[in-house]
Structures are given as structure tokens and as C-alpha cells.
Amino acid sequence: MQDNRTTVRTRFAPSPTGYMHIGNLRTALYGYLFAKKEGGKFVLRLEDTDSKRYVAGAVQIIYDTLKDAGIVYDEGPDVGGEFGPYIQSERADIYRKYAEELVRRGGAYYCFCDKERLESLKDENGVGRYDKHCLHLSAEEVARRLAAGEPYVIRQNVPEEGSGTYEDLVYGTVTVDFKDIEDGILLKSDGMPTYNFANVVDDHLMGITHVIRGSEYLSSTPKYNLMYDAFGWERPQYVHLPPIMKNAHEKLSKRNGDASYQDLVAKGYIPQAIVNYIALLGWNPKDNREKMSLAELEESFSLAGLNKSPAIFDEPKLRWLSGEYIKEMSDEAFAACARPFLEKSKVYGKYDEAKVLRLLKTRVEILSEIPEKIDFLEEFGEIDPALYNNKKMKTDASVAAQVLPAALQALSAAECFENAPLYEAMVALAAQNGWKNGQVLWCVRIALTGRESTPGGASEMAELLGKERCIRRLQQAADALNRA
RNA sequence: GGCCCCAUGGUCAAGCGGUUAAGACAUCGCCCUUUCACGGCGGUAACUCGGGUUCGAGUCCCGAUGGGGUCACCA
């Protein structure tokens, strides 16, 4: 086990190749949570050794997303730290130095084989591993070809016999036969290291104690251990994470058109809910809590709660959580995050915003639902008489024809156009005429909105609409009924 | 295909040899009610299949099946 005196250091090491995927974010979150829980440090390192895959702007997305999600790193490219640089492309000299040392230690060797020869090693299915051809080159020949400036790579020298075993903190004992591991390239001909080498060198140099990453590295970890051993370095603890799936067969990925973190935010999911939800995909606190703030997650996170099987991303549940976060927001907070969506509505600015927001708060789970929930306020047109039919309320168009003129009169007389007094006025009206409350309320609401379902009852809609509009609409509806 | 890994309701997921197999989301129904929503109550729904081990298996072992990952000068 890890020495207790060693402070925990975890890292998130993304490649700036595009969007921040949900799976990546979760990996970052777990690394962060574990470091916080253990009182350790969380490091951000950019793995940009493949210039071909570099995407402009991707680095900024990484910074922004982590910041937005509340994941704060103690060391990183933009915040510094004593183990920098934290960008791999700025560490080329370091990798070369260590690669050469690994060659001296027998853990790696120079290879001059060209593409054609490598291709010839593969069978009809495109599979076939490197045959260690250059391992057998004499020291003189290697020196001569190097001096002649021949292109080369440095390959790992994996034993032909035996196997590598390690204890993964979530998967347990993992064993892989060395014969199943190829002599992979550590240093590319362009002088840059591959992930396979850079991650080992950096994790060691940066003092990473716990490597938290996706399960795709589960079976390649033994070859990294071979390098730690060859260098005489202590191996880190490994925590491999199962993938987040889109369905039973496909991984969640941007390439499949699945939502990235920023896509979800743009769709109106509350960031806090997204973080909360992904924390629950593959992990659970023993106490069964589900809605947890970042601080609570930091407090209760434990590797013991990590699951080994893939989890399917379930948007309905995220939706529910998002709604929970909205419901507990202060009016000010809700107004602030709802405003951008309110502005997209056709009725923006035409109604009392505080009133609109109050009605929306318990009826919206993701902010993008806002426009569709209130746009009807401007879509008032002919009312289908059938809408007045309601069995439970015992109303229909003929009842409405009696109720509406009376309601028109009552509302015209109302002095205070607010929900409570308006409600009382309508209830009183019902009592006077021997109608059921529902008969008045239902008919008025239909007349006012033309909708079977609205975000609020008759008096709430009346207050929102305002006296003038109410009178006009009620009049219109009553006239239409008379003509019929 | 070789190798590695995984397997409880539709989804997340508890369980770590003896349970009426939790809980949440979704779904369905009821209540509340001024439609909708909120809130409250309740229902439907799961241990992939075979073999072992054991007095006893969702829990341990083996196999099958299914699924995922990996076999790049990508990470």
C-alpha cells in the first residue's frame, strides 16, 4: 500500500482535441474529489504530444469547463506549480533524456524500421506485432545509423516471457501476459513521446500517487509498470474507471453526436446538477444520498464506492436532478440563470418578469423549456368550444356562456388584480350563482388562455395577464360563445 | 480473432453466505388541488444461463452466453 505520509496527488490529463466529454469530466471530477477528500493535490496536465490532433480552442474549453464545474486544480498550465511545465509539448527534452536512459537500462531500444517493413509484419487482418528486429542491432550499427541521421523511434523492450500483475483499486488484480504486449513506440520519429511513455515519465516526475483514468488503460498498465520498474521508480496506485455509455453498446462520445458538458449547459441543465449526476454514474455514497453539492461530494467521496461496470447516461434522471436544483434556488439565482432563456421567448419583456419566474420555477426542469412554457401568452386566438368541457368540473361551453359574462363583470370590478383577491372574487361569484368553484375557474382560465394546460390557475393567469388584457380576452371569449 | 475486464428492475444502484432482494429516476394509479406543476401515498418491475462448493448462493468457484475495452509513430 501507499505510504501514509505521502500526500495524495492526482491528475487530470486530457488531450486538447475538442470538446469536454462527459466521461472526461467525470474522470476529472473523481480525481479532484479523491484529492480533496484525502487532503491532497489535484493537477491538470495537457497531453498534446500529437500535433495532428490538436484543435484550436480546446485548451480554453478545458479550463472553462473545469472552472464552470467548480473543479479547481492546484497545479496546471495556467496556475503554475513546482512540477511544471504542465504541457507535454513543452517537455520534449525531458522525455528524450529519460528515453535514452531507459535504453541504457535495457528497457528500450532504437528502432530504424520503416513503414513498409512494419506493414509486412502484419497478417491479412492487419494484426501482427513488432518482431524486435532492431533490438538485435549491434551498438556500433545503432551509433552509426544515428550519426548518419537516419530517422528512428525508441521502442519499449517488453520481455518475451512472463506476465505483469498489479492491483487496481477498483478492478482488483489484473494480469496480462507479456507475450500479448507489443514493443510499443515510446519516442516518435518527430521526437515527441507517445502517451505510453509520457504518462509514465510525467506521473513519476509530478509525484502522482494515484492514477485515475478510463478503463481503456486497464490492460496496457502492465507495460507502464515495466517502465516504472526499469527506472527503479515506485509504481503509482491505479484507479481505472468504467466508461459512461450512451446505450448498452455505445460509449457516450461527441463523435456519436452525444452531448458534451457545454451542450448540456446550453440545453439548460443546471451545471451543479450535471456535476452531481455524473458523480453518481459509477459511484455512490454508502448513505444513499443522491442530491449532493460539490462540497458534500468532496466530503463523502471514497474509492470504495466506485463501480466496475459501465453506466448508461440517463437523461431523464439528470433532468430530474436539474429540476431539484432549480426548485431550491433563490428567486434571484433563478432569475439570473433563467434570463438568457427568457430572452428567447416571444413574450420577453411583455409581462411582469418576477411573476413569470414564480410560475415557472416548479414547472421547469431544464431552462430551455422556458420559452415554450410561456409563448402561448402571445398566441391567443380562437378558442375551441370543446376546451370548456371538463367532466370533473362539470363544465362545458353552455356553462361557460353563463359564467363568462358574470366573470367579466366581477373582474372588471376588481380593484386589486392579484392572485389571492382574484381567486376569492371568483369563488364568491360561484357561490352567488350556485356554480361550483371549478366551473368558474376552469371556464375563466380557458377563456383567458385558450389552453387546456397552463402554468398556473385562473387567478394566477389573470394576475399575470393584467386587468386590461383579461377584460379584453374575457369579452372576446364571451362574444365568440354567443355567436355559436 | 487473441488478450483484459464486466454482468441485480427500462436506467442508476444497495447487497459483500441466511434479507419479504433497499433506495432513486422513469412508468402507472390514488390523494391534494384552480387545469398543469409542486407535494403526499401506493403499484408494476431485477439477481443472464448451466454446473459445482455449502445445511444454505444474487453473494464463492468453473463454464457458457451476452456486453465493453484493447491489439497505432492516438491518447
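This is a predicted model: local features need pLDDT of at least 70, side-chain atom pairs count only at pLDDT 80 or more; totals for chains, interfaces and linings use all residues.
## Surface around the RNA

A residue counts as near if one of its heavy atoms lies within 4 Å of the strand. Sugar and phosphate make up 67% of the RNA strand B atoms that come within 4 Å of the protein.

By class, this surface has 21 nonpolar, 22 polar and 18 charged residues. Asp, Glu, Lys and Arg count as charged; Ala, Val, Leu, Ile, Met, Phe, Trp, Tyr, Cys and Pro as nonpolar; the others, Gly among them, as polar. Helix α11 (315–327) is one of the elements that supply at least two residues. α11 gives the most, with 4 residues.

Polar contacts here are pairs of N or O atoms within 3.5 Å. A side-chain N or O atom of R53 is 2.9 Å from a sugar or linking oxygen of RNA strand B. For K327, that distance is 3.5 Å. A polar backbone atom of A458 lies 2.6 Å from a base oxygen.

## Aromatic rings

The structure holds 13 aromatic pairs (ring centres within 6.5 Å). Y98 and F231 have ring centres 5.8 Å apart and planes at 80 degrees, so they pair edge-to-face (planes over 60 degrees apart). Y98 sits in helix α3 and F231 in helix α7, 133 residues apart.

## Basis

Residues are numbered from 1 along each chain as written, and chains are lettered from A and ligands numbered from 1 in written order. Local features need pLDDT of at least 70, side-chain atom pairs 80 or more, while totals for chains, interfaces and linings use all residues; side-chain values use heavy atoms, without hydrogens and water.

Technical notes
A polar contact is a pair of N or O atoms within 3.5 Å; within protein, one must be able to donate a hydrogen and the other to accept it, and residues adjacent in sequence count only if both atoms are side-chain atoms. Rings of Phe, Tyr and Trp (its six-membered ring) pair if their centres lie within 6.5 Å; planes under 30 degrees apart count as stacked, over 60 as edge-to-face and the rest as tilted.
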